[in-house]
Amino acid sequence: MAYDMRDFIEGLRNAGDLVEINDEVDWNYEISAYEVLSGRFGGPAFLFNNIKGIPKGSRALAAQFVGTFRRPHKKAAIAMGLDPNVDRPEWNAVLAKRMSMMLRPVETSTGQCKEIVKMGKEVNLLELPFTYHAIGDGGRYIFCSAAIIKDPDSSWINTGNYAIEVFSRNRLVITPYAHTNFLAIYTEKYQAKGLSMPVAICLGGDPAVTMAAGMILPPGVSEYDIAGGIRGTPMELVRAQTSDLLVPANAEVIIEGEIRPYERLPEGPKIEVFGFSVGPRQPFYPIRVHCITQRKNPIIWDIHTSLGASGASLQLSLQGLGFTGMAKAFGLPMKLGGTMAPVRSGATGHAAVYKKKYPEDYPGFMQDLWDKYLALPGLGGVFARQVFVDDDVNVLDETEFYDALFSQVSAAKDIRVRPPCPVMTIESSWMEEWDRNKYVGPGTIRGPKQTFDATTKEEPPLGVRRLTFETVFPENVQEWVVVNWERLGFKEEPLWHDSWLKAKF
Amino acid sequence: MEVTYWLYKDEFEAHIGFVDKKEPVELEVMDQAEKVWKKAKVLLFQKSSEGSSAVGLLGPFGELGDEGKYHIKVLEIIPSPLDDDE
């Protein structure tokens, strides 16, 4: 039987990373409060079995991806059958390798997600334990899902993880981002043809699907194929009840509906997956919900998006991997195409991208980096600020990152500002008041982009010599200190920098 | 202060002239127990009065303010046309 969310829960339990709570909790703030507190110390996940005002049997899982600063992937590794103590370079390397071995999904005749089918008037989204996350949110939000759509002109199925507001008992409002395939497919194809777009929202199932949905991948690449690759076995899909979309057979809940051309409903404000409040209330795409299929006693998983909570951990663990694949597809010789680190959330506009050490790999390499990297479909929209550093800078270490930024960037030559283009919804916070009514909705929020070249331009004595443990002590001294480290009673791992720098992916 | 409803600040400010006028206005209200916006016919008050409930005002970026400064009496929740279709 295929791996599903309940297997993941057992994995968390076996790892001592799950707390099951049978006392009544409220979907209104309380579930999220548990997650945020857990996020402060890389704490446990919670399975809530008794939720106020929700029909008995429906449950909620929270903090299931909460990790630590050094190991944001701690629980995602459990979901992938890996040791939760695997370090970050190895996590990236293993995932990147698995992603490259894409596996096509297989279609099955039925699945657990069809155990209960509710149609038409039976549909009531408010019976499911969707949580209200934070003071100031414009409603209850779904932050952990895979929104499934299909290109009308090909067999390409796209899934993505978006912020989705529970608007009423039969309406969701989805907020795709400026750079996403969802936006391109809907606005450029269905809407242009005057057609409704079928949508299915998958909750639960194999975590690999939701994890792949959170990566930014090039057009034409199906997240189902990526999920199959990282799981090592094809995803099992079943035909949706009201459309020809293929959905994960072992999902906890599938919400089926349609988005009609030019139809909009107000959405927001909300905390975003980047840990900021995003507004103002904007017209976004309503999903008319026609059908809900689900397992018996479904478990809704939730993520909170503040600092340290599951949203941040998931981003740090996964999102850069999609960029890596894209950058490599463009032939850029990078060890790691892009990463959110050290800034917690790259989607607010920060990225760190490796270049090989001085000198350039080839004449014009940096220009290629500017042009190709910034032109990539995902990155072109998602990052408003990008920082390029050498590949011997450990971007997981804020000290090293900022050292490069402050020591290698000439204000006269190394900062570039590009003309406005579509940016993330987070940028709406910086809009001038008078622009807010003009620039609302996906793809219409525009902002300039800045790039910082923090790579080494000159070798010493003209350039700045980087001073680190590895460069300021003789090798035999380094080795002596490291070998004696544990004997002297220190518990920290002194070589985690080293493992990052040596990683190949 | 605990409040029963939230109103959108911009919508409330557009109707501030109706405070204490006993003339109903249509605003979107969010019942804090339900966390779903609904259109309602309400009376606006500066101070608590019989049958009224305290409100908070929600700003454009989720900033909540003026909690308990104003009160509303919900006369009628206006059915949404969305509720009827399938």
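1. Start with the contact between the two chains. In this predicted model, 6 residue pairs are in polar contact between chain A and chain B, with both residues at pLDDT 80 or more. On the chain A side, β9 (163-168), β17 (277-278) and β18 (282-294) each supply at least two residues that touch chain B. By class, that side of chain A has 11 nonpolar, 13 polar and 9 charged residues.

2. Next, the extent of the interface. Chain A gives 33 residues to the contact and chain B gives 22. About 2100 Å² is buried between chain A and chain B, and carbon and sulfur atoms give 52% of that area. In chain A, Lys121(A), Phe167(A) and Arg281(A) lose the most area to chain B. Together they make up 22% of what that side buries.

3. Charge pairing across the interface comes down to a count of 1 salt bridge between chain A and chain B. Which side chains meet in a salt bridge here? They are Glu28(B) and Arg281(A), at 2.8 Å, N to O. Arg281(A) is also among the chain A residues that lose the most area to chain B.

4. On confidence, the predictor gives the complex an ipTM of 0.94 and a pTM of 0.89. Chain B has a mean pLDDT of 93. In chain B, 97% of residues reach 70 or more.

5. Now chain A as a whole. It has 14 helices and 23 strands. Of its 505 residues, 61% count as buried. Among contacts in chain A with a separation of 6 or more, 74% are between residues 24 or more positions apart.

6. Over all chains, the structure holds 22 salt bridges. One of them joins Arg239(A) and Glu107(A), with the closest N and O atoms 3.0 Å apart. Arg239(A) lies in strand β12 (residues 236-239) and Glu107(A) in strand β4 (residues 106-108), so the pair ties together parts of chain A that are 132 residues apart in sequence. Buried or partly exposed? Arg239(A) is partly exposed, at 35% relative accessible area. Glu107(A) is partly exposed too, at 46%.

7. Two further pairs are worth a look. Glu20(A) and Arg13(A) meet in a salt bridge at 2.6 Å, N to O. Glu20(A) is partly exposed at 36% relative accessible area, and Arg13(A) is partly exposed at 34%. Glu127(A) and Lys118(A) meet at 3.5 Å, N to O. Glu127(A) counts as partly exposed at 30%, as does Lys118(A) at 23%.

8. Finally, a network. Salt bridges link Asp4(A), Arg6(A), Glu252(A) and Arg295(A).

Technical notes. Residues are numbered from 1 along each chain as its sequence is written. Chains are lettered from A and ligands numbered from 1 in the order in which they are written. Side-chain values use heavy atoms; hydrogens and water are left out. Contact means heavy atoms within 4.5 Å. Buried area is the accessible area (1.4 Å probe) that two parts lose on being put together, summed over both. A salt bridge is a side-chain nitrogen of Lys or Arg within 4 Å of a carboxyl oxygen of Asp or Glu. A polar contact is a pair of N or O atoms within 3.5 Å; within protein, one must be able to donate a hydrogen and the other to accept it, and residues adjacent in sequence count only if both atoms are side-chain atoms. Helices (H or I, at least four residues) and strands (E, at least two) are DSSP runs, numbered from the N terminus. Ala, Val, Leu, Ile, Met, Phe, Trp, Tyr, Cys and Pro count as nonpolar, Asp, Glu, Lys and Arg as charged, and the others, Gly among them, as polar. pLDDT is the predictor's confidence in each residue, from 0 to 100. Buried means under 20% relative accessible area, exposed over 50%, partly exposed in between (1.4 Å probe, protein chains only).
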